[in-house]
Amino acid sequence: MTRFQIHRSVLLKSGIFICITVVFLIIVGWVVRRTLLHTLPDYDGKLSASEISAPIDIYRDEWAIPTILAANESDGAFALGYVHAQERFFQMDLMRRAAEGRLSEIFGSKVLAFDRMFLTIGIDRTAQAIWAAARPETKHILTAYAAGVNEYLHTHKNTLSIEFDVAEYQPADWQPVNSIEIIRLMAWELNIAWWEDMIFTNIANKVGREKAEKIFPFYDENGSTREIPKDIPQVNPKDLSFYKTDRDFRQFAGMSGTHIGSNNWVLSGKKTYSGKVIMANDPHLAHQAPAKWYIANIHAGNYDACGVTLPGIPCVVIGHNRNITWSLTNVMADDADFYVEKISQDKTQYMLDNEWKPLKKLVYNRKVKDSSDVKIEVFLNHRGPIISDIHPANLLYPQQKSVQTAVSMRWTGNDISDEFFGFYSINMANNWDDFRRAVSHFAVPGQNFLYGDKQGNIGYICGAKLPIRNGGNAGFALDGTTSAHDWKGYLPYDQMPTIYNPEQGYIATANNKVVKSFSTYISNLWEPSSRITRINQLIQSKEKLTVQDVKNMQMDVNSPYAYNLTQYILDAFKNVKITDAQLQEAVTVLSTWDGEFDGTSQAPAIYAMWFKYMLRNTLMDDLGKDLFNEFCFVANVPYRVMERLLKENPVDIFDNISTPQVETRNDIIRKSLSNAVSELESTMGKDLKTWQWNRLHTVTFRHTFHGTSRFIDKIVDIGPFPIGGDGTTIFNTEYPFYEYHGEMSQFITKPFDNVLGPSIRFIYDYDKPEEVSLILPTGQSGHFFSAHYSDMTKNWLYGGYCSLITNGDPEKYQKYHIKFIRR
């Protein structure tokens, strides 16, 4: 055989092998894809169920948004449970597992700390107590909803979403109490008061009361709460286990953002061309895939509501019914306090008013996937759980042989209240009086409720339980050995802030103090005024507004905050000879900037990088690296503090204590811009024209399985996409100042990654009462191979909306149809 013939033979065999391999891979890919597609929900068909009283129709449009037509409320709840389970059951199951402290059963010991944390907090304990005390209406609807969820689980045991196969478990039936657990878990997600007390205590002890009063985010209209108590306890700054565990969980569960606020505004006919009410809302929550919300249109007897639902809960949270429309933003209520307790060495008693009182002990046994079962002990006093095992509680009090210190937590979320009944009653409300009664049932998470109706009325109610505190500053740890600091109840509902038909013709909220004159303490953690300032500017800039104006507002990326701070930069470089050409060009770019965070512009990138260094160069020397990082965790804190520091110009704060010279405010501003330019040069190149903001600032919607591998990420994640805005624009695109270094390292983001933003955009116009405009960041489905997993993302990015016809007419844009009959 010649050499040519040998090569030809080898090539022929190689070619055959390659062909066989390709064919094999195609077959395997086809089988895998077919298997995965088999798990997708069926939107068409005739089904039967024994738990319903009459036929049910479930229509879906091109976006897979369901319109449910049922004879009564319980059948409507059943149908909503069924479609929630079809699209989002893995999401629902993770949330109930977190609330019950059962994540380690499927994810192993790496998440055991989360189980310990939530068993200590007591979300499941509280949910069980709420269920036991619930009204008949609550039990009836939640039971019907659970039946719908379980109907899907029972008939699709072998075709549930692929996540259950990957995690290797079969989910348990849905119980009515699980819906209450998810409501309380949402309350925990929106609670940032847990962070404030102990971190501020640590900082005050490190830098002293005089400096601390200058760098804390006090709100002047809260009056005496700006004063730091003289007798705050010493706290060990190295023990931050509670915060560490909670942050790890937030990373794991896709709750990493902290601008947990929102925008909403309602315009009366005085401010609209149509003369009709327009409602707008965009709640800001951490980005995740699938989306937080699920859109639904429900017509079920006397129940008639359309808007966004939370998978796991059978009601419309933001939306409209036949007569009214409503929307929400976070009140930012300080609804948690922490107490330094003295307890006996054997953890059986605690000291209160010079008497030993018994501690309650609870024991939980938990299965852990990759290890033996674990016993978790939880201790409680009259205030709530003792959280010392997971909280920064190693207080530096002198220790006695028979006595030790601990920390307890008092949280409104551990009280009994029926938020589901509140939302159900809102869904059923016909007028302002009905709405007010409905909101009275709402305690946590505290929300600003906006209202509008078809008669043209608009209103606002603060829906929260505000603790009545007896002295002491709510922003610091309190002495638990005395009952003097215990809450004295809650502010009566009829004294809560309320607005009805204001003369200006509109009401807007953006996590600000809505009623300035309200004297009862609500919070020290209001958002910066930038978003509410811009909303007011845009509404007041026109005599009348259209729906398109409202849509444009929701996409607005102009920051009054950034514009104001930029003036300090320009002032710092006045009459200063700049020898660095790149630095001079950066100053020139900023001199013509109007605060618009256009993603394709260079000025936002320069400003954002400057702000990063301005924070570090101003505060790192006083706080140290760890406390500085903790200080930056809740993003509104550094925003508000820096604005006040630049305005008040405290010399001792701007002076770097690590250097012999005394630095001024302008010294730090100039140094920070120089640092910013240097980093932009090293990361984005020497040509300033390439420093576009959206090259630094991108958004990715991450699945729980993110970080498993790059290949998996490309399948389950949505993005990245370039984006504009920042945390101070109406289109809130928060990026963190805090640097995460926890156990969930696969979820670490790049410095300017957008981690939080509008979780839904909602607009309802009474000029077109049978139509609503809304959009999710991702899509309706939680199945990552579904066409509806990410089909809304581009519209969300660029200002598009889904137009949903809400009158229940199946001829209007209805593409799919499921028919349920009684079995």
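Good morning. I begin with Y607 and F611, which both lie in helix α18, 4 residues apart, or about one turn of the helix; helices here are DSSP runs of H or I with at least four residues, numbered from the N terminus. Y607 is buried, as is F611, where buried means under 20% relative accessible area with a 1.4 Å probe, protein chains only. Their rings form a tilted aromatic pair, 6.2 Å centre to centre with 35 degrees between the planes.

A word on the basis: this is a predicted model, in which local features need pLDDT of at least 70 and side-chain atom pairs count only at pLDDT 80 or more, while totals for chains, interfaces and linings use all residues. Residues are numbered from 1 along each chain as its sequence is written, and side-chain values use heavy atoms, with hydrogens and water left out.

The structure holds 50 aromatic pairs. Because the rings of Y607 and W610 have centres 5.8 Å apart and planes at 40 degrees, that pair is tilted. Rings of Phe, Tyr and Trp (its six-membered ring) pair if their centres lie within 6.5 Å; planes under 30 degrees apart count as stacked, over 60 as edge-to-face and the rest as tilted. Y607 and W610 are 3 residues apart in helix α18 (residues 603-631), so about one helical turn separates them. Both are buried.

One aromatic cluster includes Y607, W610 and F611, together with Y561, W593 and F597 among others.

Finally, the charged groups. The charged end of R247 sits over the ring of F633, 4.6 Å from its centre. K139 lies over the face of W131, 5.3 Å from the ring centre. The criterion is NZ of Lys or CZ of Arg within 6 Å of the ring centre and within 35 degrees of the ring normal.

Terms used: Helix = DSSP H or I, 4+ residues; strand = E, 2+ residues; numbered from the N terminus. Buried < 20%, exposed > 50% of the residue type's maximum accessible area, 1.4 Å probe, protein only.
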